[in-house]
Amino acid sequence: LKPITVSFLSTLRPIKDIPYRHPDEVKIIEQAHNLLTSSQRGADLFKTVSEQPFELRVLSSPNYQGYTTNNRIIYIVMPGAQTTADYMQALVMAGCLRDAEQMTEKLFHPHPGVDEDVYALMNYGKNLDIIVEMCKIVEEFESKNVFEPLHELRKMGLEPMYSGYKNKMNEQALMATYMDMLERYGLIKR
């Protein structure tokens with residue numbers, strides 16, 4: 001019934017600011033931090049990354065995700081209508097913090113222009129490491145009888161990875177599970 005106003009970025013400077021940043025960004029970061037740091041590994045990730053020049057931001061979007069850029073900005077993405085953090089944001093933050101920690105170890109995201117096989121190998125290796133860190137954190141919560149993080153990991157579709165981690169699969173077997181999962185979700189074709 002009302003017209004929708006959308007910026008297609010057809011001009012260099014929009015007439016008004018586009019509200020990409022979540023309106024409750026500061027509160028959500030604090031809440032996700034508090035949830036995550038109740039795990040020892042989560043606290044360790046925060047400690048490592050807090051000693052580096054990383055920025056943490058929360059963006060509004062219909063989807064839940066997170067990513068870290070090579071220019072040391074960590075983005076947690078979540079619906080703007082959600083005004084509080086839960087274990088989903090805490091786990092997304094954990095994944096991003098592990099990615100940032102990798103950067104402190106000089107493991108940056110490869111440029112898409114590199115050889116396709118090198119690009120895939122580097123990204124899949126980084127992603128597997130990030131997922132394993134998330135599994136470690138979920139396991140810590142599970143040992144404290146806190147099962148919400150496990151539920152959120154399942155919602156992310158990462159239950160096969162957690163099962164493999166819990167069953168002490170080696171890195172090659174975990175990578176095979178990861179690749180199978182990507183293929184099942186239609187993200188890769190082999």
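A crossing of two helices is left-handed if the near helix is turned anticlockwise from the far one by less than a right angle, and right-handed if it is turned clockwise. The model is predicted, so that local features need pLDDT of at least 70 and side-chain atom pairs count only at pLDDT 80 or more, while totals for chains, interfaces and linings use all residues. Residues are numbered from 1 along each chain as its sequence is written, and side-chain values use heavy atoms, with hydrogens and water left out.

**Exercise 1.** Describe how helix α3 packs against helix α4.

*Solution.* Begin with the geometry: α3 (residues 87–104) and α4 (residues 116–143) pack at about 135°, and their axes lie 9 Å apart. Angles under 35 degrees count as roughly parallel, over 145 as roughly antiparallel, 65 to 115 as roughly perpendicular and the rest as oblique, which means that α3 is oblique to α4. Next comes the handedness, and here α3 passes α4 in a right-handed crossing. Finally, look at the contact (heavy atoms within 4.5 Å), to which α3 gives residues including Y87, L91 and R98, while α4 gives residues including K126, I130 and F141.

**Exercise 2.** Work out how α4 is placed relative to helix α6.

*Solution.* The angle between α4 and α6 (residues 159–166) is about 70°, with the axes 10 Å apart, and therefore α4 is roughly perpendicular to α6. On the α6 side, the contact is made by M161, Y162, Y165 and K166, and among the α4 residues that take part are L128, I131 and C135.

Key
Axes fitted to C-alpha atoms, helices over the stretch in contact; angles between N-to-C directions. Helix = DSSP H or I, 4+ residues; strand = E, 2+ residues; numbered from the N terminus.
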